[in-house]
Amino acid sequence: MIRHDYSRVDPKRRANIHHNKKQFAKAEFQQQTYEHRLNYYDVPPTAEITLEEFETWAINRLKVLSELEACSFRNRSQDETAEYMTNILAKHLPLRSNSSRGQNLQEERKKDHYSHFILRLAFSSTEDLRRRFSRLETALFRLRFKSDDLKERKEWVSTLNLEWEEVGDAEKAEISKQLAAAGNMKKEDDQEWFKVDWERVPELVDQRRVFLKRGKAYVPQKEQLSLVVAEFTKRLDEALELTARALPRLDEDDRLAPILAHLSQSFTAPDAAYTSSDASIDGLSTITSGAIDSLATNFPLCMQSLHNKLRADSHLKHYGRLQYTLFLKGIGLSLEECIIFWRRSFKLMTDDKFQKEYKYNIRHAYGDVGGDSNRRGRGYSPYSCQKILTEPLPGPGQSHGCPYRTFTQDNLMTMLQRTGINDRDLLKTIKEDVTKQRYHVACNRVFEHAHRKEIKKVKDDGSWTSNDLDTIVHPNTYFKRSWLLKHLGEGNAGMVNGKGEQMEM
Amino acid sequence: MPHSISPESSHTMSQVDTIKSEEQTQDISMADAPSPAAPEADSVKVNLEDLFDDDDSDQEFASSAPQVKSEEDPSQLSQPAAPLNVTSKSTYSDPDIMRAFYQRLFPFRHLFQWLNHSATPTNDFAHREFAFTLPNDAYLRYQSFATADLFRKQCLAQIPSRFEIGPVYSANPRDRKTLRQASSFRPLTKELVFDIDMTDYDDIRTCCTGASICHKCWAFITMAIKVLDVALRDDFGFKHILWVYSGRRGAHAWVCDKRARELDDSRRRSIAGYFELLKGGDQGGKRVNVRHPLHPHLERSLDTLKEHFHTSILLEQDPWVEEKAEHLLNLLPDATLKAALQKKWDSSPSRPSVSKWADINALATAGALSNTKTGPRELLEAREDIVLEYTYPRLDAEVSKKLNHLLKSPFVIHPGTGRVCVPIDTRKVEDFDPLGVPTVTQLLAEINEWKGGDVKEDGKKIHDWEKTSLKPYVDFFAVFVAGLLKDEKTGVKREREEGGDPMELF
Ligand SMILES: [Zn+2]
């Protein structure tokens, strides 16, 4: 058997893979056996693998994580996600239970174990990557935990040593009413309850799903998932921090570094949906502040909503301003014109106040001022749908965010009708989308409806490929595509001055 | 004129605060917004999110009253020993007034102990970030001080119009650029903080608008303090909670327990989520959608808030007069009932809110409820949700979620009102009168009027603040800090015992 690409990672270098040298020293060259399917990844891998395995396994896992991220972005429910992921997991990263009597259980678990640690290395370099990696690994773990064989899961949990204090019968009786109300269950439900420091179950605290007393959270057995998952995240976050600190030493390895760099890059890409090409639109001449009112007919609902609010109140609160400024930057409005736009829009404001408190922020958004990195990056990127959908909901008086998510159904319907969507069936479908939290699906539906004639035309004459019409995941893509479709055949006809304004009236 | 001191200046109940901003203050300036002409590199290194972060307590900056220069000779005023001549023409924003404030009134020593958690200087203080706002509006971040005295010196040299307190960092904030690795400069601990501001109540507040407040709307803040304080203690087990008047129309809470200071962002977010009840913005319609039976925290809050609802909301805010009754109807569950109410109210639109509230139950029991769908239970739950919507605390949650968020220090002067940001005693929270909080000019005048000599019976020097109405607030703060330090000390001792070197046993 030819194993010419077999590269023994020498012990010195392998030690660099994990900060904990001691563990390596003891376990060198040792093949691990995996008794359980689930893994907290507390112990780093110790056996040798080939460079090819190193890369393939990592890419497989990356594929799984990317798909998971896509699910959360499409607002798939947990059940829908589980269903969607079944095939993907089976293909790229199978992990079966003992009871399945699979042939390659040890191989599967080894691959799972190693690929996790490889990606840890690749994604520990920046805070942003670490947070994303931790979020997705947690989602993957949750998925597997829920689908695990009940008996095997129990056995595995019992090995974890989670230090839960059981709530005694006397105390349980004393606070039964509170326990039931917090856990949303009937009083008669006899449950085991555990007491833990509330910090260990932040998720449950956040959603008020546990009773809190003097710093202890009373967690019902059925919420065990939360506890185990929270612990998983906690350990992973700590480990990532440590890996990040140990990372610089790894740069010396000339074989692993490029692979890791490549992995982390392909992980970064999907979210950076905005490209500067969105700002250069054939046929659209330089945008002036005065043109925004007419261009607004091509804006997605989120930006139209901000625009209307701005016109109605002559003001926008901060997050709305930020979201809108970045979008305008994204459609190609220059800094100078953007300042003029805001200055004129804030009709009730003194010049002095505007200059003092607002202008700087606009310049900052454009990267005209601020620290080196802000200037170098030309300010912030225009927000993607994902960013907008995952921002905190608007509070009183605020109007940022995605209207499909933040508006009540009635207000959403009113707003859609105001923009000319009157098709009853469509409005009904949108209601369904929104109920199922498929906000961006609703938005794409509205787009397709509003541009149905134009889309048919470009499809029929073959001037646009299906790639040009894929799902919109960025407000700036929405604008670009909408504008182009509404100006088919006009070539360099220039700005739509006048024409657009008439439409607005 | 605003801010002037007259002997008769005493506030009466429901008197609207005379300190109103000139401009529409619905509109808000940015927290941490550096002036474009900021003189130092520090002051421009602010991230974008911060820049767009409206902090309502800051907006008053822009709208602060015109600066009236003292007519006295400034050289005479700047002499520390000479009695400061406070006249009716003096204003709080006068640099001499501010200098005198830092020199004679600001409780530096107590502030130092509060943040230092010990009598001798530690990194808890030395690595703590302060951010100064200078009289020219320049904003200096990453200031830090080894001792209380150095801190005081810089305040006297720069006379900040106010300053904010940030986290304790892993290294001295002033050295952050010389550190080899960026990651070795990171925030470690900070008090868990909360910010309640009246702006968030503007959609249900009828008595005042913008920056003005009166005793009626202060009730919103009182209710919020009561609800949060008990939850922080009973639910989360925190003990050292300092409430501070923000100087105009809100309050801040500083949870100082070690356990709170060490919370990471995700835990802070989860506490903010625990307290958050109102969802959705102006377009959001019904904004309270909670599970019934209520979570114990909400149940307890509701019990407290119910007591205030009748007087503070129905009678004093009267929120559903005329066409505003529409919103109340929107919050009710039953179409038949709504129609009946609508009819009744349309015929007498000026019917007071308290009667309209009573109408709901009256009509429901009289059979207006279409008993097919809605039972009395649904109606009761809807009514509970309404009480919560109008009374439950509305937090500026972003302030609480981040370890490295800065918050205005206690005891600084609010630039818009001249009032001192004094602590609020929660045992007497109902008695707290924001309009009776002393202003800086008033306090300086009190020093001048002091007739009691400079030495106490026990021979100790009487501090200037002891001669003024600031004394009870500083005394309260001192007791608070002492309590914190005591727990801190036993905590350290326990840690030492538990983690002690086993070798010592031999
Ligand atoms: Zn009022």
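**Exercise 1. State whether A:Trp342 and A:Phe346 are buried or exposed, and describe their ring pair.**

Step 1. Both A:Trp342 and A:Phe346 are buried, where buried means under 20% relative accessible area, exposed over 50%, and partly exposed in between (1.4 Å probe, protein chains only).

Step 2. This is a predicted model, in which local features need pLDDT of at least 70, side-chain atom pairs count only at pLDDT 80 or more, and totals for chains, interfaces and linings use all residues. Side-chain values use heavy atoms, with hydrogens and water left out, while residues are numbered from 1 along each chain as its sequence is written.

Step 3. Rings of Phe, Tyr and Trp (its six-membered ring) pair if their centres lie within 6.5 Å; planes under 30 degrees apart are stacked, over 60 edge-to-face, and the rest tilted. The search of the whole structure finds 61 aromatic pairs over all chains. Among them, A:Trp342 and A:Phe346 form a tilted pair, with 5.5 Å centre to centre and 50 degrees between the planes.

**Exercise 2. Determine which residues coordinate the zinc ion, and why the arrangement is tetrahedral.**

Step 1. Donors are N, O and S atoms within 2.8 Å of the metal (3.2 Å for Na, K and Ca); water is not among the atoms, so sites may look incomplete.

Step 2. The SG atoms of B:Cys207, B:Cys208, B:Cys214 and B:Cys217 coordinate the zinc ion at 2.2 to 2.4 Å. Along the chain, the donors follow the spacing C-C-x5-C-x2-C.

Step 3. Four donors count as tetrahedral if all angles lie between 85 and 135 degrees. The arrangement is tetrahedral because the four donor atoms subtend angles of 102 to 120 degrees.

Step 4. B:Cys208 and B:Cys217 are buried.

Key:
Chains are lettered from A and ligands numbered from 1 in the order in which they are written. Four donors count as tetrahedral if all angles lie between 85 and 135 degrees; four count as square planar and six as octahedral if opposite donors are over 155 degrees apart and all others between 65 and 115; anything else is irregular.
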